Amino acid sequence: MQKSVIVENLSKSYFKKEAVREISFAINENEILGLLGPNGCGKTTTIAMMLGLLKPSSGRVVIHGLDIEKNRISLLHKMNFISPYIELPKKLSVKENLIVYGKLYGVKFISERIEYLSKKLRLEEFINKKTGELSSGQKNRVSLAKALINEPTILFLDEPTASLDPETGDFVRSFIEKISKEKKMSILLASHNMDEVKRLCKNVLMMNNGVIIDKGTPDDLIKKHGKRNLEEVFLKLNRNNNELK
Amino acid sequence: MSLNRIIGLFLRHFFLIKSSLPRILDLIYWPTIQIILWGFISKFFTTYSDYYNNTVGVILTCAILYDFLFRSSISFNMLFLEEIWSRNFTNLFIAPMRISEIITALVGTALIRTLIGLVPAILITSPLFGISILNLGIPLFFLFLSLYIFGITLGLFVSSGLLRYGPAFENIAWSSLFLLAPLGCIYYPIEILPDFFQNVAKGLPLVYIFEEARSILVNQVVNYTNIKNAFILNGIYLFIGIALFYYSFSQARKKGSLINIGE
């Protein structure tokens, strides 16, 4: 299996605090890798280093065979990211936002791409509305459209279904599942929704205090720890880790 | 550099302005009020001051020039602040944009914002006060260009601070020009300043620009040395501003401010 992303001994320290410590993993082509961990465990820091937003203290991130630190701009053409903590400009219409990001990512046929994404993500009815006037479910689909505007081969999804109603959440999950298969994307999914992770991810990394404390397929992890579901595994690992700390 | 990406960032701000009448009115309102106020002050000084006697419009012309500087600098900062306020900062920095493209796009967009605000204000000076800034002649172009470069440079300094220290630096963005105004000798000759401040002021292009404007309007003499000095100093400050912006970006990547600002 071709590895799209390789993370090697990645560390980040802020002043004297180590946010991420010597983590290594890889994401294969056409794989959704889950990244689980409590708030503040280093997930966002890890994603930020993979996106080139943050300079690692040591280690490296290799994407499609190239080091992100040395090839940041060219690799960013092939990547994208959504997070509930960042937004698109509220005063711009959905279409205007997609035009802007289409331009920024150098998309050749922007109108066609927007039309395609509008259909796929059901944006047509509010494409000319201001982004700030949309419901959270609609905003989420617009963010997803922005994240797919450049047809990325690597996608970072940080809690992509947070605060969505079950119907929209299911729509987004099904969409991610479908598009990752169709486009052979490599996806890193950070989520607190264990059912979502179990449904979408082939493999899972469990993080705590900046290190990977366990990894494997969701079923293997459940079996290995003798638990009924991934949530119980998550709780057990974190409690053990906190006690050790 | 990619023209497509520069246009993309320009469009982000163009869409924002064109869709909002209150935003356009806000851009026009302050320069207009400022110019009207200085118009009356100018009229008063022209009548009662020996220095400004029979030199209609010196103060008002300098006020317009200073406002142009103020607007270009604030416009540059505003474009950066807009990204922070709209929580779009991270989206922008994970797009494949080079720093040079960001600076170029902001320089162009800031000029348009500045002109939207200032052109109506300049147009009303003629019917209201019988003064035309065009009386400065060809040197006017160089004075505007010089002021624009300095405004952008100040914008770069402040944006570097925003990149490095985040929204906490916002207040500096608003006050940066007020700090320089007394040393810029906008409405008075440099000799008014105490010796120490005169030496400091000579290191600013503003002194030469406003000295030149007064020289043309009061003495009807064009002194290209002033213009040349202003451009030389501008070149030095612009170089430092760009270098500082690159350095701040690199520091922001090290310290994690690009993520903290964005959330």
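Helix H1 (residues 43–50) of chain A lies across strands S3, S7 (154–158), S8 and S9 (203–208) of chain A and runs at about 155 degrees to S7(A). Helices (H or I, at least four residues) and strands (E, at least two) are DSSP runs, numbered from the N terminus. The model is predicted: local features need pLDDT of at least 70, side-chain atom pairs count only at pLDDT 80 or more, and totals for chains, interfaces and linings use all residues. Residues are numbered from 1 along each chain as its sequence is written, while chains are lettered from A and ligands numbered from 1 in the order in which they are written.

**Sheet of chain A**

- Helix H5 (residues 136–148) of chain A also packs on the sheet, where it touches S6 and S7 of chain A, and its direction makes about 165 degrees with that of S6(A).
- Such angles run from 0 to 180 degrees between N-to-C directions, and axes are lines fitted to C-alpha atoms, for helices over the stretch in contact.
- The open sheet consists of six strands of chain A in the order S6-S7-S8-S3-S9-S10, with mixed pairing; two strands pair if DSSP finds at least two bridges between them.
- Its edge strands, each pairing on one side only, are S6 (79–82) and S10 (211–216) of chain A.
- On average, neighbouring strands of this sheet are turned by 20 degrees against each other, direction ignored.
- Four bridges join S3 (residues 32–36) and S8 (residues 186–190) of chain A in the parallel sense, and A:Leu33 stands opposite A:Leu188 in S8(A).

**Helix pairs of chain B**

- The axes of H3 (residues 58–85) and H5 (residues 99–129) of chain B come within 8 Å and cross at roughly 155 degrees.
- H3(B) and H5(B) are therefore roughly antiparallel to each other (angles under 35 degrees count as roughly parallel, over 145 as roughly antiparallel, 65 to 115 as roughly perpendicular and the rest as oblique).
- The crossing of H3(B) and H5(B) is right-handed; a crossing is left-handed if the near helix is turned anticlockwise from the far one by less than a right angle, and right-handed if clockwise.
- By class, eleven nonpolar, six polar and three charged residues make up the contact of H3(B) with H5(B).
- In these classes Ala, Val, Leu, Ile, Met, Phe, Trp, Tyr, Cys and Pro count as nonpolar, Asp, Glu, Lys and Arg as charged, and the others, Gly among them, as polar.
- H6 (residues 139–165) and H9 (residues 205–219) of chain B have axes that come within 10 Å and cross at roughly 160 degrees.
- This makes H6(B) roughly antiparallel to H9(B), and H6(B) passes H9(B) in a left-handed crossing.
- Nine nonpolar, one polar and one charged residues form the contact of H6(B) with H9(B).

**Interface**

- In the interface, 30 residues of chain B are in contact with 27 residues of chain A; contact requires that the C-beta atoms of two residues, placed from the backbone, lie within 7 Å.
- H1 (3–18), H4 (89–94), H10 (224–255) and H11 (257–262) of chain B are the elements that give two or more residues to the side of chain B that touches chain A.
- H1(B) contributes the largest share of that side, nine residues.

**Overall composition**

- Chain A has nine helices and ten strands, whereas the secondary structure of chain B comes to eleven helices and zero strands.
- The C-alpha trace of chain B spans about 60 × 45 × 30 Å along its principal axes.
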